[in-house]
Amino acid sequence: STLIGSSNSTSSSSSSSVSLTQHPQINKSLPFSFPEEKEVDNNNPNNTMTPAPSCLPQCARLPSLQNYFHRLSSVYTLRYLLFLGLVKTIICGVYAGLIGACFLPVFRSLTIDAATEQLLVLVCTLPYSASPILGLCSDLIPLGGYRKRYWMVLSIAVGACGCFGLSLVVDSPPFTTSNTSSDGNDAHRAAATSLTTTTMVVGCLVAMNLELSVLNLLNEGKYSEIMRDNPRTAPDIITFTQGCAALGSLAATCFVGPLSDSGHLSTLFRIALCLSLTPLLPVCLGWLPEKKRKMGDDEHGLRSVCRCGRCSTSCVPAGCGDNAILFDHERCVQQKETVRIAFFVGIVGPLLSLLSAYVPNRLASLSVVASVLAMTLAASYLFLPSRDMANVLAYTIVTRASTPSLRSALQYFYTAGETCLPEDAGPHFTYTYYITFNGLIRE
């Protein structure tokens, strides 16, 4: 209608189509051509028109699932798609969903109050805050000649240790075998909430989140690298990864609530242990496409940190030689601004989390965090290479700081037992209802 104007007659649609076909300049400028329309057959008693063929090009027709996977497989190898689907479904889906849902039953079993629980969750997610540091280490310090493979192996080992340790800790007496019906005044349970037990639980959860953060970060880095060279598949791969993660999270939601209600927290973390080891074999087999880097093969910027020729070969994977631990000095120099920003952000994030959680006086903690944020803002305007980047950072800090979270307080209210809230004062949701049913609707 913009090209040829609008018409108030009943035949505006037909006249518009004909006028387009009658203008060769317009027809030539379009990415496809309009077919000629058939004239009305007056001898036809129904006065119908012969249907014209489809005027849409092949790329504009409705996509099929077969075409979707064909586009993906034309850019990404089948092995990498399988590996990416495995990591996104099992690790970023089921494993991540299990970790996120277990915070409430685990910390409530330790009779930790809602405010402290929210701060401890912040500490448990420190690996996410330290993601810039993890990415920096992966880029600058190849292990065994690979920037991603053995960092993934190390993170899987750390996450498996966290799952195993937590499965043992939750079998100890502090953890209750029932959920919302227990009261918070039992002397035995109150005495069991010692600093040692809480620290062990938080440490194991940090280890589990470390595996999740590293695997997710390094996988995103790899498919983003491929996506940058093949931008036409960007929507396809994003849909694939997000869909796999959503399916996995949906699966985790189904069993976390019932197992928490029945008091089988140790079973949850035994399942998590099996899930954490799932990507180990594909990673070791090299399903992640990555070129091995060696000193001397046009890699003049690499420096050897550990020379295995002078030490036991058992300390590193076989065949590494002098390439056990390398340092990419050339990349560090060329991208020094990026390195500085990543290092700065990766340090400030965990520091704020620790200050928020472990400064005993809440007012003092708030003052310290506000001071660190103010210094961060000032430093960003002084040292960042672009004022636009500093403006984005300032906007992010202000918007996040102005939206306080009531997550823990509401969770404790919804799942409180009758000993905490009278019968008519709260909903008294079970974990099955609150985590599983509510989670299914949310997903």
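I looked up the nonpolar surface patch and found that Leu247, Leu250, Tyr433, Phe437 and Leu440 form it, with about 460 Å² of accessible area together. Patch members have over 30% relative accessible area and no salt bridge, and nonpolar side chains are joined within 5 Å; a salt bridge is a side-chain nitrogen of Lys or Arg within 4 Å of a carboxyl oxygen of Asp or Glu. Areas follow the Shrake-Rupley method with a 1.4 Å probe.

The model is predicted, with local features needing pLDDT of at least 70 and side-chain atom pairs pLDDT 80 or more, while totals for chains, interfaces and linings use all residues. Residues are numbered from 1 along each chain, and side-chain values use heavy atoms, without hydrogens or water.

H11 (234–261) and H19 (431–442) each supply at least two residues, and H19 gives the most, with three. I checked Leu250, which lies in H11; Leu250 counts as partly exposed because its relative accessibility is 31% (buried is under 20%, exposed over 50%, partly exposed in between).

I next turned to helix packing, with axes fitted to C-alpha atoms over the stretch in contact and angles from 0 to 180 degrees between N-to-C directions. H4 (residues 78–109) and H10 (residues 195–229) pack at about 150°, their axes 10 Å apart. H4 is therefore roughly antiparallel to H10 (an angle over 145 degrees). I noted that H8 (residues 149–169) also packs against H10 at about 150°, with axes 8 Å apart, so H8 and H10 are roughly antiparallel.

Key. Patch = residues over 30% accessible without salt bridge, like charges linked within 9 Å, V, L, I, M, F, W, Y side chains within 5 Å. Helix = DSSP H or I, 4+ residues; strand = E, 2+ residues; numbered from the N terminus. Buried < 20%, exposed > 50% of the residue type's maximum accessible area, 1.4 Å probe, protein only. Parallel < 35°, antiparallel > 145°, perpendicular 65-115°, else oblique.
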